[in-house]
Amino acid sequence: MYMVIIKKTLIIMIIVLFSSNAFGEKCTSSFSKKFSISSDVGFGNKYNKSLKNNFKKYGVCIVEKSKGHPVRLGHQSLRFEVKHGDCGYDNGGGDDCKRDRERHELSGNKHGDGEYWYTWSIYLPKDFKNIYPTKLAMGQFHQSKGHVVWMFQNADGGYFVDNQVYGRTFGHDRILNQEEMLGRWNDILINANWTDKKIGFFRVWVNGKFAFKYNGPTKSKGKKVYQKFGVYRSFMSRYKVFKSADSESVVVPGQVVYFDEVRTGKSCSNLKLEQLGYVCEDLLGNLY
C-alpha cells in the first residue's frame, strides 16, 4: 500500500512538471537556438532565435497572466524586450553589432509558394517609448537568401504595413495609430498568396476589420518566405543624432512588446479564429 502511494505521488509530480503551464515563466537559454512556444500562445510553426549569439535571456519569455502580464487569451503570452546595446550575431552570418541594429526576434520555418494565413495579437505597454527616426519592426516576412518583402513597423507612431517586395519601400500604410496600440491588445490577421506572379496578394485585417489590400507579386522568384516577429531596431544612430549633437552619449530607450495567439495555417479555418471572437466567412465577406 505504501509503495502504491509513492508511485501515485511520483506520477502526479511528473504530470505537473511537464504540463505546459507548470513551468511558469520560461525565457531563452544560451544553449539552444530554438525557442518552443506553448500551445497557449500559438501554433502552426516552429521558431528559432534570430541571431543566436548574444541573445539575452530576457530577450523573449513565456510569461503568465497570474504574474500581472497582459494576455490576449488563456494564461500566457510572449514578452519581448530589447535594451540599449542588445545586438546579436551568427557565426559566419549576420552581425547586428556591425550594422547599427539591435533585436530580439523569433524566426519561423520557411515555406514554399501558395496561400497561407497568419494571425498574431500585439500589445504595447502604456510606457512604451517611440524611438523614431530609428526604424522599429514588430513583425516581418523575409526570404531565404533574399531581402525582406513585408514589414510591420512602428515608424513615427502606430503600426504600418511596409511593402518591400521589390527590395525597397514601395508602400507604407498605417493600419493603427499609437494611441490605439498603447495599453491594449490588437489582433492582426494576414492572408497571403506567396508568388512572384501577378496573381499574388497580401491582405490584412485589424481587430476583424479589413485594413489593407495589395495585389501582385508578393515575393522574389525562387525564394522561400518565412515569418519573423519580436522587436527589431535598425539605424540606432538616427535616434542618437536626432536627440543630441553628442550622439555617442545618448542611450536609446529600451522597449517591451507582448505577442500572443501567434498562429499559422494554410486556411482561415486552421487558425481557429472563433476562439478570438471572429468568423472566417464574415472576414472574407468584407474583402471589397
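A residue is called buried when its relative accessible area is under 20%, exposed when that area is over 50%, and partly exposed in between, with a 1.4 Å probe and protein chains only. What you see is a predicted model: local features need pLDDT of at least 70, side-chain atom pairs count only at pLDDT 80 or more, and totals for chains, interfaces and linings use all residues. Residues are numbered from 1 along each chain as its sequence is written, and side-chain values use heavy atoms, with hydrogens and water left out.

Let me start with the chain as a whole. Its secondary structure consists of four helices and 16 strands; these are DSSP runs numbered from the N terminus, helices being H or I with at least four residues and strands being E with at least two. Along the principal axes, the C-alpha atoms fill a box of roughly 75 × 55 × 40 Å.

Of the 288 residues, 52% count as buried. The accessible surface comes to about 14,200 Å², and carbon and sulfur atoms account for 54% of that area; the method is Shrake-Rupley with a 1.4 Å probe. A contact means heavy atoms within 4.5 Å. Among contacts between residues at least 6 apart in sequence, 64% join residues at least 24 apart.

I turn now to the cysteines. How many disulfides does a search of the whole structure find? The search finds three, a disulfide being a pair of cysteine sulfur atoms within 2.5 Å. With bonded cysteines counted along the chain, the pattern is 1-2, 3-4, 5-6.

Cys27 lies in strand E1 (residues 26–27) and Cys61 in strand E4 (residues 60–64), so the pair ties together parts that are 34 residues apart in sequence. Both Cys27 and Cys61 are buried.

Another disulfide joins Cys87 to Cys97, at 2.2 Å from S to S. With 95 degrees about the S-S bond, this link is right-handed. Cys87 and Cys97 are ten residues apart, each in the loop between strand E5 (76–82) and strand E6 (101–108). Why does Cys87 count as buried? Because its relative accessibility is 15%. Cys97, by contrast, is partly exposed, with a relative accessible area of 40%.

There remains the pair Cys268 and Cys280, whose sulfur atoms are 2.1 Å apart. Here the torsion about the S-S bond is about -90 degrees, so the disulfide is left-handed. Cys268 sits in the loop between strand E16 (255–265) and helix H4 (280–285), while Cys280 belongs to helix H4, twelve residues apart. Cys268 and Cys280 are both buried.

Finally, consider Lys65, in the loop between E4 and E5. Lys65 is exposed, with a relative accessible area of 51%. Its C-alpha atom is separated by 5.2 Å from that of His75, ten residues apart along the chain. Leaving aside residues up to four places away in sequence, Lys65 touches Val71, Gly74 and His75.
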